[in-house]
Amino acid sequence: MMQNGQKTDIRNNWSLEEIKAIYYRPVLELIVEAATVHKQYQATGEVQVCTLLSVKTGGCPEDCSYCPQAARYHTDVEVHKLLSKEQVLTSAQRAKEGGSTRFCMGAAWREVRDNRDFDNVLEMVKGVNELGLEVCCTLGMLTEYQAQRLKEAGLYAYNHNLDTSEEHYDKIITTRTYNDRLDTLEHVREAGISVCSGGIIGLGETDEDRIGMLHTLATLPQHPESVPVNALVPVKGTPLAEQPRVSVWEMVRMIATARILMPQAMVRLSAGREQMSVTEQALCFLAGANSIFSGEKLLTTPNPDFDTDKAMFELLGLQPRQSFKEEAVAKC
């Protein structure tokens, strides 16, 4: 990636063999290279703090094997209808006071429908945007028209994860296709919304599947601005409830490889952080992670709270990233 200490061009033509060569490097060498790339392209020691709120929980018709919100699985998730705008803005204000600069709203929908609920989400987007937070949504599949409406409401980013490789996908989800996900990413990009897309490890996939997912993301016409790396949080009642915990070294490999392939992206240390020690999280930051979700829940699964993360930031000497930093830099 580096040539005589100078940054090389951002690439979208990575081959699978090149990515394999990076991914399979000795882990300490991989961390060093990722840290070097990170320092060249990003402000090290700076981490964006985000908060994710489930604005409509449970009852989803999808069959995602990892998800406790699927209606067909018997889990302890309590189904609730769409929250009110007032409830969402109260949560957003609390997140801002806790140090978050991005607020993401998730709804357990297969796809967005042009109805009153979507109109209410658009009002939520407008309200959160007025608080000075970057607004993100994850609502399922979108049409071009719906993506444009979200953009007009002030949406900053849209999350739509690939989850895994195309080859492993139908073993995890059968109620939509891999191309459905790619189509939504294209609609988001065309609307001028920041793209947030990554995946989950620990779904029973192979290393080749992990490499394949990274290859898909790194060879998009434009890299996602955000790449979440999630470790599966097994939930009782789902088909993947008995999957073993992902090790920190697996997370480090994914984060470091993503950082090298997509150096300008925010690489997000996402689900699974609740089970990680501060030392393990520090390794992930060293490997190039520069964003976390903070708050007691990540949709429906446990997550470190704001006070815990503040203590970690102080110990590691990390600084929170400001809202809309990319726009501020561009104006300068």
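Guide: Let's take strand β7, residues 226-231, where 6 of 6 residues are buried, that is, under 20% relative accessible area with a 1.4 Å probe, counting protein chains only as cover. Strands here are DSSP runs of E with at least two residues, and helices are runs of H or I with at least four, numbered from the N terminus. This is a predicted model, where local features need pLDDT of at least 70, side-chain atom pairs need 80 or more, and totals for chains, interfaces and linings use all residues. Residues are numbered from 1 along each chain as its sequence is written, and side-chain values use heavy atoms, without hydrogens or water.

In a regular strand, side chains alternate between the two faces of the sheet. In β7, S226, P228 and N230 point one way, while V227, V229 and A231 point the other. Both sets are buried.

The partner of β7 is strand β6, residues 199-201, which runs parallel to β7 and is joined to it by 3 bridges; strands pair if DSSP finds at least two bridges between them. Across this pairing, G199 stands opposite V229 of β7.

Notes: Buried < 20%, exposed > 50% of the residue type's maximum accessible area, 1.4 Å probe, protein only.
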